[in-house]
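Dear colleague,

Please find the structure below, followed by a summary of what was found in it.

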Amino acid sequence: MDAAVKRFPMPSVLRYPLLTRGGRYEPRVATGTRVRKGDVLAIGRWSPPVGYLHAATSGVVEMEATAMLLHPDGREDAAPPLSAKDLVERVRDAGIVGLGGAGYPTWLKLRQARNGDVRTLVVNAVECEPGVSADAALLREHAEEVSSGIEALANYIGNSRTIIAVGEGMDVPPDRLLSAPFVFLRGTDPRAPRARPNSPPMEQSSPVAGDSGGGFSMDGIPGVEVVRLTGPYPSGSERSLLARVLDVDLGKRIPTDVGVVVFNVATVFAVHRAWHCGERLVERVVTVDEENAWLRIGHPVEELPLSEGQVVVGGPVTGWIASEGEAVTKTTRAVTVNRPRAVSPCIRCGWCARACPEGLLPQELFRHINAGHRSETRGLRLADCVECGACDMACPSGLPLLATFRYGKSERREQERRARNAALAKARFTARAARLEQQRVEQQKEREARMASRRKWMYPG
Ligand code: SF4
Ligand code: SF4
């Protein structure tokens with residue numbers, strides 16, 4: 001897995017599904033449009049607005065009912081580089097979203113971080129899902145660019161502390177990560193961060209306490225710490241990361257509520273490319289069946305060199321079975337192959353509960369979802385499942401726990417949507433009935449008034 005990041009040949013066609021898990025892209029081009037690399041193909045306006053989808057190469061567009069195809073012309077004509085002077089605008093124009101998997105718009109997170117009282121920037125390179133090593137490969141080959149991206153982000157946010165959290169198996173020398181000038185921390189550059197009320201003074205960094213198992217400080221570069229996290233999957237999830245690195249229990253809050261902002265390392269690299277090279281996000285490193293490669297967004301999964309087995313989009317734990325026409329998206333970290341496993345009944349060993357980072361009872365959730373006991377799943381906190389798949393990995397019976405929880409959650413969302421619509425319809429019906437009743441009363445009053453005046457006219461005195 002330590003081999004260099006490959007480049008696969010350009011596929012015969014790039015495919016951009018318009019209907020995604022988050023929402024629907026609005027196309028900005030039509031069949032026959034010739035586009036350059038970096039031209040806007042579509043905009044995702046759903047909440048939160050994910051923004052632009054750019055052409056990953058030059059070619060001709062063809063629209064289908066549910067997807068947009070781009071036929072490469074092999075010329076790689078490119079749109080002019082991005083020119084916005086403000087980092088948030090540049091990141092928004094580049095179409096950067098959280099590349100760790102969440103897909104949250106980075107410009108929105110940056111704006112929230114700058115407007116809130118964020119003091120700590122955490123760069124998440126703790127890629128702990130077995131079989132996925134795209135972040136490690138990126139860090140190994142592009143540590144300087146990552147540190148340049150961190151510099152751009154930290155200058156903008158004005159945080160006083162930066163933590164780079166790397167996984168157990170990442171062999172990147174810390175001095176390479178910290179090779180950028182980090183002028184923001186020395187405070188001698190005109191681009192130094194804005195002074196923040198209540199910000200603690202910048203201090204020499206210190207090893208991070210807790211169970212991080214190997215934090216170390218960088219002498220001479222105050223405020224920046226590189227932390228190596230050891231431990232079981234899923235220590236790289238945002239919640240688990242903050243609990244271990246900063247001893248913060250997020251609960252229902254988001255990191256900016258506790259003065260922290262977290263960016264995935266691939267997102268930081270994309271920020272560097274947008275800020276220093278004016279590039280849009282049109283490719284990313286993806287783990288393809290145990291090797292890493294730069295893939296264009298839109299690369300069809302069926303054109304990847306995969307071994308025999310069930311193709312999974314994502315890691316072997318958190319991924320889903322590839323459907324027809326599936327393609328690499330901005331949040332695709334891996335395309336892996338599942339070897340079939342034997343499934344047997346639950347033996348109530350409790351390993352799933354011990355593996356769950358949220359303290360849930362996966363075996364009970366599994367039983368109640370399959371039995372259709374919806375109220376019980378609420379009591380068992382199905383909504384708190386972060387879909388890490390640790391229970392799935394731990395289960396000796398090979399039960400499809402994660403897939404069942406995803407199904408249970410989507411079913412519940414659908415129920416809630418129906419309940420909301422029913423409540424809305426009822427409210428509309430009640431309001432209409434009240435309106436009609438009021439009209440009837442007013443008409444009655446008018447009629448009585450008319451009758452009274454007519455009686456007065458007919459029988460004066
Ligand atoms: S790990 Fe699997 S077999 Fe063991 S209790 Fe959980 S669901 Fe049942
Ligand atoms: S997938 Fe959900 S239930 Fe299973 S370990 Fe992760 S959080 Fe717990």
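**Findings**

Arginine 381 is found in the loop between helix H11 (374-379) and helix H12 (390-394); helices (H or I, at least four residues) and strands (E, at least two) are DSSP runs, numbered from the N terminus. This is a predicted model, in which local features need pLDDT of at least 70 and side-chain atom pairs count only at pLDDT 80 or more, while totals for chains, interfaces and linings use all residues. Residues are numbered from 1 along each chain as its sequence is written, and chains are lettered from A and ligands numbered from 1 in the order in which they are written.

Although arginine 381 is not a glycine, its phi is positive, at about 60°. Most residues other than glycine have a negative phi. Arginine 381 counts as partly exposed, with 13 C-beta neighbours inside 10 Å. The classes are as follows: a residue is buried if 20 or more other C-beta atoms lie within 10 Å of its own, exposed if 12 or fewer, and partly exposed in between, with C-beta atoms placed from the backbone.

Glutamate 76 likewise is not a glycine and has a positive phi of about 60°. Its place is in the loop between strand S8 (67-72) and helix H1 (87-93). Glutamate 76 is exposed, having 12 other C-beta atoms within 10 Å.

Strand S8 also belongs to an open sheet of 4 strands, in the order S2-S8-S7-S4, with antiparallel pairing. Strands S2 (14-17) and S4 (34-35) stand at the edges with a single partner strand each, so one side of each has no neighbour in the sheet. Two strands pair if DSSP finds at least two bridges between them; S7 (residues 59-63) and S8 pair over 5 bridges in the antiparallel sense. Glycine 59 has proline 72 in S8 as its bridge partner.

Turning to the ligands, 15 residues surround ligand 1, and the closest are Cys346, Cys349, Cys352, Gln363 and Cys395. A residue is near a molecule if its C-beta atom, placed from the backbone, lies within 6 Å of it. Helix H10 (362-371) and helix H9 (351-355) each supply at least two residues of this shell, and the largest share, 3 residues, comes from H10.

Ligand 2 is surrounded by 15 residues, the closest being Cys356, Cys385, Cys388, Ala390 and Cys391. H12 and helix H13 (401-458) each supply at least two residues of the shell around ligand 2, with the largest share, 3 residues, coming from H13.

Yours sincerely
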